[in-house]
Amino acid sequence: MNDSAEITDGHSGDGVLGIDVGGTKILGVRVVDGEIVDRVRIPSQSDGPSVVERIESVVGRLLENADNAPSGVGVGIAGFVGLDGIATTAPNTPGLIGADIGGLLSSRFGLPAFINNDANCAAVAAARGRSADSALLAVTLGTGIGGGFLINGDLFRGKHGYAAEPGHMVVDPNGPECPCGGRGCWERFSSGSGLGWLARRAAVAGNAQSLVADAGSIDAIVGETVSRLLVDGDPDAKAVFDEFVFYLALGVSNLIMLLDPDEVVISGGLVALGHRLTDPLEDVMKVSFPAAVAHRSTRVSIAELGEDAGAWGAAQLVIMGQRRGRGPVSGKGVS
Ligand SMILES: [Zn+2]
């Protein structure tokens, strides 16, 4: 995004805090004028303090290092996070379900607090450098598929805060079961773990001998097995990957048909495949989903988000909230 549209534009002083709560670590950052100036990282779960206490501890340590009070704190959590800032699901950190993190942080530290879904925070990071005067859809291919939709620089959150969860769009009602309770969700096919599942299915059918040989057994095949052998030019890996790309193209095309965004940004570990991913994706979209391509200038691009991206995006929640002139999500019924 250009300078005039930078969501960090006009900010100074001791900045804003962003906290990325992951399944294994909590990363907190202080961001001043768009740049990370301080970083605190601790494990999110082990014996001892609860995950809520650990978040408070990270915020406390970031504040100790700041000369003046930052203007707020944003927190990204994996799961369904309501407009009231309360998570109703949190698969990696069940201790956060129902917790009023925003209320706790604002009452303990006197800071406005903004709580959101981690994929929305990643979407904000993916939008860095893009024009804010546009619609951008971010899709993150990880264990599942996360999503975030920004319109004119602001996150679209839907009625309850649960918008942009493309991973649970059903693409095959007879497909594999999903932890969400459904069946055949997009992320069962087109995530890193979905790639592994497609490969194991091919192996069970006797079509992926080289993958079985490499992994040692069918059960040991994971997405990385496929991507590694793909780079080596293995035909079995290529066949599985072609199937994966078809499902990726299917989902991306459906989202383009629904939203007609300026850009779809794909991130996650698999984007390291670069043109091996984007070239066939483009080809399949043209051939199999032409309506998502014809008469459009929508760009489908990849972004390698660094490990700070989620925390940086969480920090921007504060600035986005202030720009909207809306109150912080610091307790029930607010925002
Ligand atoms: Zn699902």
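Student: In β9, what is the bridge partner of Leu 137?
Tutor: The partner is Val 264. The model is predicted, so local features need pLDDT of at least 70 and side-chain atom pairs count only at pLDDT 80 or more, while totals for chains, interfaces and linings use all residues. Residues are numbered from 1 along each chain as its sequence is written, and side-chain values use heavy atoms, leaving out hydrogens and water.

Student: In which sense do β6 and β9 pair?
Tutor: Strands β6 (residues 135–141) and β9 (residues 263–268) pair in the parallel sense, over six bridges. Two strands pair if DSSP finds at least two bridges between them. Strands (E, at least two residues) and helices (H or I, at least four) are DSSP runs numbered from the N terminus.

Student: What is the strand order of that open sheet?
Tutor: The order is β8-β7-β6-β9-β10, with mixed pairing across the five strands. At the edges are β8 (154–155) and β10 (299–302), each pairing on one side only.

Student: What parts does the pair of His 168 and Cys 180 tie together?
Tutor: Both residues lie in the loop between β8 and α4 (187–190), so the pair ties together parts that are 12 residues apart in sequence.

Student: How accessible is His 168?
Tutor: His 168 has 26% relative accessibility and counts as partly exposed. Cys 180, at 46%, also counts as partly exposed. That class lies between buried (under 20% relative accessible area) and exposed (over 50%), with a 1.4 Å probe and protein chains only.

Student: What is the order of the open sheet that contains β1?
Tutor: Its five strands run β3-β2-β1-β4-β5, with mixed pairing. The edge strands β3 (35–43) and β5 (113–117) have a single partner strand each, so one side of each is left without a neighbour in the sheet.

Student: Which strand elements does α10 lie across?
Tutor: Helix α10 (residues 309–324) lies across β1, β2 (25–32), β3, β4 and β5, at about 135° to β1. Contact here means heavy atoms within 4.5 Å. Axes are lines fitted to C-alpha atoms, for helices over the stretch in contact, and angles run from 0 to 180 degrees between N-to-C directions.
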